[in-house]
Structure formats: structure tokens, C-alpha cells
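Work through the exercises below with the sequence and the structure in view. Each task is followed by a worked solution.

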Amino acid sequence: MSLYFEWLDDYMEGKLTPQQRLDFEQAMKGDEKLRHAVENYPLLKQLSASLIEDETRQMLKDLENKKSVPDNTRRLWWWLAAAVFVGLVAYINKSIFFSTTPGNEQIMADAYIKPESQKIKGEATDTLTLTRAIDLFDRNYLTEALPLFQAPATNDSLQTLSNRYLAHIYLRTEKLTLADSLFTILENTSNYRNEALYNRMLIALLLHKKEEARNLFNLLDKSQFSEKQLKKVEGYLR
Amino acid sequence: MNLFYFSQYLFIMSLLYAISQVKNSQEERQSLISGIYYNVTIKSSIFNFIQKSGGERNDASYIFDETIVQFVKTAFSHSSSTISGDLEPYLMGIARNLWYQECKKRKREISLPEVISHQTADDQPVAEEIFLTKERYSLLHTILDKLRSNCRAVLMHWANGFSMTEIAEKLGYQSEGMARKKKSQCLAELNDFLFQNPHIKLQLQ
């Protein structure tokens, strides 16, 4: 840009001194753009003046666009919002009344494995008590079996067996913390390790601790379970 | 203030205050324009007048917008501080005048109610200045859109009679000299565009 551009207004308004005027006209001869500016000064000023009109029209256009939203789009938004609301209410109701997530009863029905009936030999009182308790357990008299299993045993082997059944009773009567602590003890025995891990996994599932359940499932010796059973459990672990 | 309430108070706003809002800043202009646009009293007065004078709803809408444009243009370049009266009658005066000019242009015979204006003849907008054709406006917008926003502000103020001191103050330049320099740069930018696009210049002339 020529420095003489700063003199443009004064030149057009006749405010330059005679010497400045001469200098400006001299500069114009060698500067095509400066000459163009002088020749088009009214147009340049008119264009600049119309910037306020341009700005106002843009503001009105924005207001018009804002206003047209309520007529068409806003109505559509209201319908969409209403639909979402109705859907949400329906979903909540469905969750309450027709829950799609499996309940604990369903998990127990599908995944719980009842211990096979077990016969123990011996004529001692504690052995007879345990035999009676197991019999009751097998026939699902859990309340009656419970105090019999809680009676102290005279040796570790019988105590472990009692603990096993107690853990199962606690699990089936939803005393999950008690069940979990007994199965944790049984985890350290060679006979019931796998069964204990499986049931702890089941407890984790019932407590909605899927990550913990998956970890326990990974520790299982899968060969002791049928493929069908494992598939069912895997379904819950997903 | 909430825009809705603000807009409803506009009809008792003094003209002088409205003009100062237009001249003060872009934010205040925007707020005033929105206020007028959403003002039920002003809008219904103009719409009733146009529709009673043989115009359609579209005409009323068009004249309403043009009234705002014309008011902002006039107010922005207005230098007198002695103007009195309220905003609403002034806007009605502009609307009546615009509609009269529009009817003349369309050669439609209508009976205009008596134009009651609170303004002097000098304040009335000139018809030729009012109606830009859509094509011409679109062309103008294309040119003006090339300018950077700070250039737009400087040139807009300069061409509408603001002094360099006022421009420096309003647009935050350190001195009058800085504002003058910026104006020269921006004018040179606009000049360059026209220089390089003589066909556009021809269309504008």
C-alpha cells in the first residue's frame, strides 16, 4: 500500500497544502492503484457506508432463522422429546416389572450344582448326626439340616464335610457372605477346591461382581463340568 | 435484561436513546435490533398498517425488516443530539414512507392513510437509497464479506461520519493515528479488490 493512501481523504476533501497536493498527484502518476482509489473514491465510501446495512441484514437473517426453528424444527424436537420420554418411562417400567437382566433365582436354577448324595461310614455319634443331616439336605430340608451340620465334629475330615454342606445351605438360603467365607476355606482342600471355586464364582454372579466371577471361572478345572453347564455359566459371565 | 421484557418496553424507548444504542457498539445494536424484531406492539402496528393499506402479509414482513434496516442506517450516521420523540412513532413513520415508495414502484393504486410522522422532511429516507434489489444486495454482500472483521468495523464507522478519535475510542486503537492508518490499509484492501475485479465495479455503478 502506498503511503499516500493516508492522504486520500485530505486530498479528496481539499485539505492538503499546495505542495502536498503536488506530491500526491505526482505519486498518483506512478501508482495505478492510488489513481484507481481517487477515481473510485465515492464508490469506496458508499460501499464502506453500506457495511452497516450488511451487518443489520445479517442480524435480521439470523433472527429469521432462529424464528423459523420454532415453527418447524422445534415442533419436531418436541415430538422427539415426547417419544424419548415415553420410551424411557416404558423402559423403566419394563425394567421394574419385566426385568430382562437375569434374576438370582434364574442364575441359581441354571448354574447351581447340588452336591451328589454322599454316604459316610461309622457308628460314632457325630457320624450318625452327619449322615442324618446329609439325608435331610438331600431331601431339601435345609432348616432342619442346618443345626445338625453346625454341631462340632470330632475330626477334620468330618468338619470339612460339614462345612461343605453348611456352605451349600448358606448359598441356597442367600446368606452369601457366610457361604463365601466357608467356600474360601474349602478352596484350600484338595477334595473340594474346584467345587468351592465354582460356588464362589456363583456367589460373585449373584452379587453382580462379574469381573470377580470371570476370574474365578478362569481358575476352574473345566474338565469336571459338562460342556452344557459351562456354556450356561459363560452366558452369565458375558 | 430478558429479551422478551426488553422488547416489550421498546415502544416507550426514546429515540435518542435508541440512536445511541445503534452507535455505541455492535452488541448494543444487536440487542436493539432483536428488541425491535420481537416487539409485539411495533410489529403489529406495522403489520396492521400494511395489511389495511392493501398489502399482503409478505409485504408487511418485508417492510418491517426494511424499516429496521433503514432505522439502523439512519441512526448510525446520525450526528445531531437534539432529536426528540419516541422510537415507535419514528419506526412507524419509516414504515409508512417505505410502503408508499414500494407502492409507487409497483404502480399500485392504494389509498394511504394520512402519514403522521414526528420527523422533519430531512429525516425521511430517500426512496432510491432504500430499496436495493436482491441481486445488488447479494453482490454488495459478496464484496463486503471479503473484508476482515476489523476492517469492516473501521470502514463502516469512517464512511458513516465517525471521527478518527471516535473510531480509535470505540474500536480500541491506541491513538487516532493508529485508527487512521488502519482505515487507510482497509480502504486500500477494498480498492485492490475492485481494481482486480473491474466487472464487479461495473455492476455496482
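**Exercise 1. Fold of chain A**

Chain A contains 13 helices and zero strands, where helices (H or I, at least four residues) and strands (E, at least two) are DSSP runs, numbered from the N terminus. The model is predicted: local features need pLDDT of at least 70 and side-chain atom pairs count only at pLDDT 80 or more, while totals for chains, interfaces and linings use all residues. Residues are numbered from 1 along each chain as its sequence is written, chains are lettered from A and ligands numbered from 1 in the order in which they are written, and side-chain values use heavy atoms, with hydrogens and water left out.

Task: Determine how helix α2 and helix α3 of chain A pack, and which residues meet.

Solution. 
1. Two packed helices are described by the angle between their axes and the distance between the axes.
2. For α2 (residues 18-30) and α3 (residues 32-39) of chain A, the angle is about 115° and the axes are 5 Å apart. Axes are lines fitted to C-alpha atoms, for helices over the stretch in contact, and angles run from 0 to 180 degrees between N-to-C directions.
3. In contact (heavy atoms within 4.5 Å) are Phe24(A), Ala27(A), Met28(A), Lys29(A) and Gly30(A) of α2(A) with Glu32(A), Leu34(A), Arg35(A) and Val38(A) of α3(A).

**Exercise 2. The interface**

Task: Describe the area and the salt bridges between chain B and chain A.

Solution. 
1. The contact takes 33 residues from chain A and 45 residues from chain B.
2. The two chains bury about 3,900 Å², 65% of it on carbon and sulfur atoms; buried area is the accessible area (1.4 Å probe) that two parts lose on being put together, summed over both.
3. Tyr37(B), Asn191(B) and Phe195(B) supply 15% of the area that chain B buries against chain A, more than any other three residues.
4. Six salt bridges lie between the chains, each a side-chain nitrogen of Lys or Arg within 4 Å of a carboxyl oxygen of Asp or Glu. One salt bridge joins Asp54(A) to Arg152(B), with the closest N and O atoms 2.7 Å apart.

**Exercise 3. Arg106(B)**

Solution. 
1. Arg106(B) and Glu102(B) are separated by about one helical turn, because they are four residues apart in α6 of chain B.
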